[in-house]
Amino acid sequence: MLIKNATMGDQVCDLRFTARVEAVGRLTPETGEDVLDAAEGEVLPGLHDHHIHLMALARLRQSIDLTGVTNLTMLREALATDPGEGWLRCVNYHESTLGALDRHILDALEPERPVRVQHASGKLWVLNSTAALGTGLDECPLEGVERDDAGQPTGRLFRLDAWLRAQIGSDLPDLVALGRELARHGITSVTDTSYTNTPDSVERLRRGLPQKVFCMGDASLSAGHLKVMLDEDRLPDIEELTAAIAAAHAADRGVAFHCVSHVELVFALTALHAAGEHPRDRIEHAAVVRPEAVPLLVDSGCTVVTQPGFLYARGERYRREVEAADLPYLYPYARLLASGIPVAASSDAPYGPVNPWQVIASAVARRTRDGAVLGATECVSADEALRGYLSDPSDPGGAAREISVGMPADLVLLNAPWRELRQGPLDAAARATYIDGRCVYESSAST
Ligand SMILES: [Zn+2]
């Protein structure tokens, strides 16, 4: 394959590749060679999304999305849009619009088909009574099953995804469509950060997607980060956590902490300090970083994997609901970089927008859907935000990968030179995406 007239930084050149990049320079097409004229579009190494949940994203595409469903009448109508039989699966529920859902409220809306509703944070599922019956919820002994005063489960399940999946049995979503969607955005590799990953699920993702898939997960994985979920109102025993961190480090695994509040961040850094650090330790989200936590973060040597896309997608809710004292410290970026902390932007899809150009635009402008700016001093340049997506899977926020002869041909050709697109990253689009030299996406405009 030969791409002619591609912009690479400050030069225009041609790029020949098979599974690897073969040559860069002024090149003449060989007999029978496929040639694409880039028309000075930028060629970049394929983007890497450092924080994504692939199965949840694939399932979202087959679910009822409750974003914009703001009362129970609308919820009843949303449930009725699926005319089939069997499970109704809803995502992106939030109590600020629909109140505290439980099995009784769902029963009134849908008494027959099993319904499960996922909270926008991903940490809560609500089942109706048909679903409770089908899954054996009333007999589930696990912590995380909320119960009423009489001891009956309310239908609300906290962090019980693995149990729920085991009860429902296989309902594998369409990974082929998901692979196409990611390729359309120029994404050639991802890190799946789901704490529920097991050797089986990792294998399924790697088989099902054209992208290169890196995974973190629990202690059942022998490689990849140990993912530690922290919930401020149910924090684990710190000594047990410290021991788990030390065990992961002893197996040369970094640890990735889910931290969305000040308390969670300080708790994680305290446990990490006690266990000792590993160069690949990461803080996921760092949704709130008060000034006093910055020196602790610097000392920890952790990388921050942030999601500026939330400022756009959820910014209006943050403005209503986040404590005023924390609003200036939401999803910090520039301040962390200035302190020498490596930071990489990522999606957290399906909870945040998957489109990397949307995420980068959000890191630059930090605007909510209604145009308000959240934390103006935390804006970064489009180059800085792009660097996160170009950094190596094992080094989020580290040096940007560059195209060189001999590297695997994981590439994205953009619709214009980056020096133009950086003025308005939302205008960026992939014209073609290649993984190991194989075309996994080509826009109709480029054929
Ligand atoms: Zn996540």
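## Buried residues and helix H16

A residue is called buried if 20 or more other C-beta atoms lie within 10 Å of its own, exposed if 12 or fewer do, and partly exposed in between, with C-beta atoms placed from the backbone. By that rule, the buried residues of helix H16 (residues 382–390) are Ala 382, Ala 385, Leu 386, Arg 387, Gly 388 and Tyr 389. Helices (H or I, at least four residues) and strands (E, at least two) are DSSP runs, numbered from the N terminus.

Before going on, please note that this is a predicted model, in which local features need pLDDT of at least 70 and side-chain atom pairs count only at pLDDT 80 or more, while totals for chains, interfaces and linings use all residues. Residues are numbered from 1 along each chain as its sequence is written.

## What H16 packs against

Two residues are in contact if their C-beta atoms, placed from the backbone, lie within 7 Å. The buried residues of H16 pack against strand S6 (47–52), S19 and H15.

Let us look at the pair of helices. H15 and H16 pack with their axes 8 Å apart, at an angle of about 140°; axes are lines fitted to C-alpha atoms, for helices over the stretch in contact, and angles run from 0 to 180 degrees between N-to-C directions. That makes H15 oblique to H16, since angles under 35 degrees count as roughly parallel, over 145 as roughly antiparallel, 65 to 115 as roughly perpendicular and the rest as oblique. H15 and H16 cross in the right-handed sense (a crossing is left-handed if the near helix is turned anticlockwise from the far one by less than a right angle, and right-handed if clockwise). On the H15 side, Pro 356, Ile 360, Ala 363 and Val 364 meet Ala 382, Ala 385, Leu 386 and Tyr 389 in H16. The residues of this contact of H15 with H16 divide into eight nonpolar, no polar and no charged; here Ala, Val, Leu, Ile, Met, Phe, Trp, Tyr, Cys and Pro count as nonpolar, Asp, Glu, Lys and Arg as charged, and the others, Gly among them, as polar.

Helix H9 (residues 238–250) and helix H10 (residues 262–275) have axes 9 Å apart and pack at an angle of about 55°. That makes H9 oblique to H10, and H9 passes H10 in a right-handed crossing.

From H9, the residues Ile 238, Leu 241, Thr 242, Ile 245, Ala 246 and His 249 meet Thr 270, Ala 271, Leu 272, Ala 274 and Ala 275 in H10. The contact of H9 with H10 has eight nonpolar residues, three polar and no charged.

Now for the strands, where two of them pair if DSSP finds at least two bridges between them. Five strands form an open sheet with parallel pairing, in the order S15-S16-S17-S18-S19. At its edges are strand S15 (226–229) and strand S19 (343–345), each pairing on one side only. Neighbouring strands of this sheet are turned by 20° against each other on average, direction ignored.

Inside the sheet, strand S16 (residues 255–259) runs parallel to strand S17 (residues 282–285), and four bridges join them. Phe 257 stands opposite Ile 283 in S17.

## Around strand S17

Asp 281 lies in the loop between H10 and S17. Asp 281 counts as buried, with 25 C-beta neighbours inside 10 Å. Leaving aside its neighbours within four places in sequence, Asp 281 is in contact with Gly 254, Val 255, Leu 272, Ser 300, Gly 301 and Cys 302.

Ala 286 is found in the loop between S17 and helix H11 (294–300). Ala 286 has 29 C-beta neighbours inside 10 Å and counts as buried.

## The mixed sheet

Another open sheet has six strands in the order S7-S8-S9-S10-S12-S11, and its pairing is mixed. Strand S7 (64–65) and strand S11 (145–147) are at the edges with a single partner strand each, so one side of each is left without a neighbour in the sheet. Strand S9 (residues 115–119) and strand S10 (residues 124–127) pair in the antiparallel sense over three bridges. The bridge partner of Gln 118 is Trp 125 in S10.

Most residues other than glycine have a negative phi, and most peptide bonds are trans. Ala 286, although not a glycine, has a positive phi of about 45°. Asn 5, also not a glycine, has a positive phi of about 55°. Asn 5 is found in strand S1 (residues 2–8) and counts as partly exposed, with 14 C-beta neighbours inside 10 Å.

A cis peptide bond joins Ala 349 and Pro 350, with omega about 10°. Pro 350 lies in the loop between S19 and helix H15 (356–365).
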